[in-house]
Amino acid sequence: NKHLKHFGRLQYTLFLKGLGLTMEDCLIFWRQSFKLITDDTFNKEYRYNIRHAYGDVGGDAIRRGRGYSPFSCQKILTEHPPGSGESHGCPYRHFSVDNLFSLLQNIGVSDWEVLRGVKDDVEKKRYHIACNRVFEWAHTSELQQAKADNSWKATGLDTIVHPNTYFKRSYLLKSGLNCETGPMQGDHMEM
C-alpha cells in the first residue's frame, strides 16, 4: 500500500505487459496492490494510465492497439532517473554501492569475487556487465548444463540488455527449458 509513483508504476506495468500479462489482469494486479484506496479513486487516478500503457486508450493511431513497449536497460539507465521517494530505475545505476551490496547480499549473493566485480563494473559505469555478472552467478549450474547439453544456442546466452530478457532467461533456465522450445511467444511468455 505504499505509493509507487508514476514512473515506477509505468516501468513495472510495461514489464508485466512484456511478460504477457493481459491488460485486465494488470488492472486487477494494481487494484489489489492499492488496497487502501477506494475503487473510485483507483478508477480516476490509475486505471486510465494502465489502459494507455497497453494501447487501449489515448496516444496516436500508430501506437493504439499496441501501447508502449517495456523499457529496455538503455532507456531505464538514461531516461527519467528516480528522484526522492521514487522506486524505479536500475539498482546498478541508481543505488549507491553500499545499498546495492546490501540488496545483493539480501538476495543471496555471497561470493566476494562477484561483489568485487560488480563494484568495479559499477564504478566504470558498466551497469549491464554488473547485472550480467550477478545473473551468471545466480544461474551457474543451469548455464553450465545448457552449455554441456548444447540445449541453448549462443544467441540465447548473449549479454542481457533488457529486464524482460533477464526474467525470461532466468525462468527458462530455472525451469530446465531451452530457448527454442520454452514458453516464449515473441516478446511475451506463456506461464
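1. A salt bridge is defined here as a side-chain nitrogen of Lys or Arg within 4 Å of a carboxyl oxygen of Asp or Glu. Side chains of opposite charge can pair when their charged atoms come close. The structure contains 10 salt bridges.

2. This is a predicted model, in which local features need pLDDT of at least 70, side-chain atom pairs count only at pLDDT 80 or more, and totals for chains, interfaces and linings use all residues. Residues are numbered from 1 along each chain as its sequence is written, and side-chain values use heavy atoms, with hydrogens and water left out.

3. Asp-120 pairs with Lys-124 in a salt bridge whose closest N and O atoms are 3.4 Å apart. Through salt bridges that share partners, Asp-120, Asp-121, Lys-124, Arg-126 and Arg-133 are joined into one network. On accessibility, buried means under 20% relative accessible area, exposed over 50%, and partly exposed in between (1.4 Å probe, protein chains only). Asp-120, at 30%, is partly exposed, whereas Lys-124, at 51%, is exposed.

4. Lys-119 forms a salt bridge with Glu-123, with 2.7 Å between the closest N and O atoms. Both residues belong to helix H7 (residues 112-123) and lie 4 residues apart, about one turn of the helix. Helices (H or I, at least four residues) are DSSP runs, numbered from the N terminus. Lys-119 has a relative accessible area of 35% and is therefore partly exposed.

5. A further salt bridge links the side chains of Lys-75 and Glu-79 (3.0 Å, N to O). Lys-75 is partly exposed at 31%, and Glu-79 is partly exposed at 36%.

Terms used. Helices (H or I, at least four residues) and strands (E, at least two) are DSSP runs, numbered from the N terminus.
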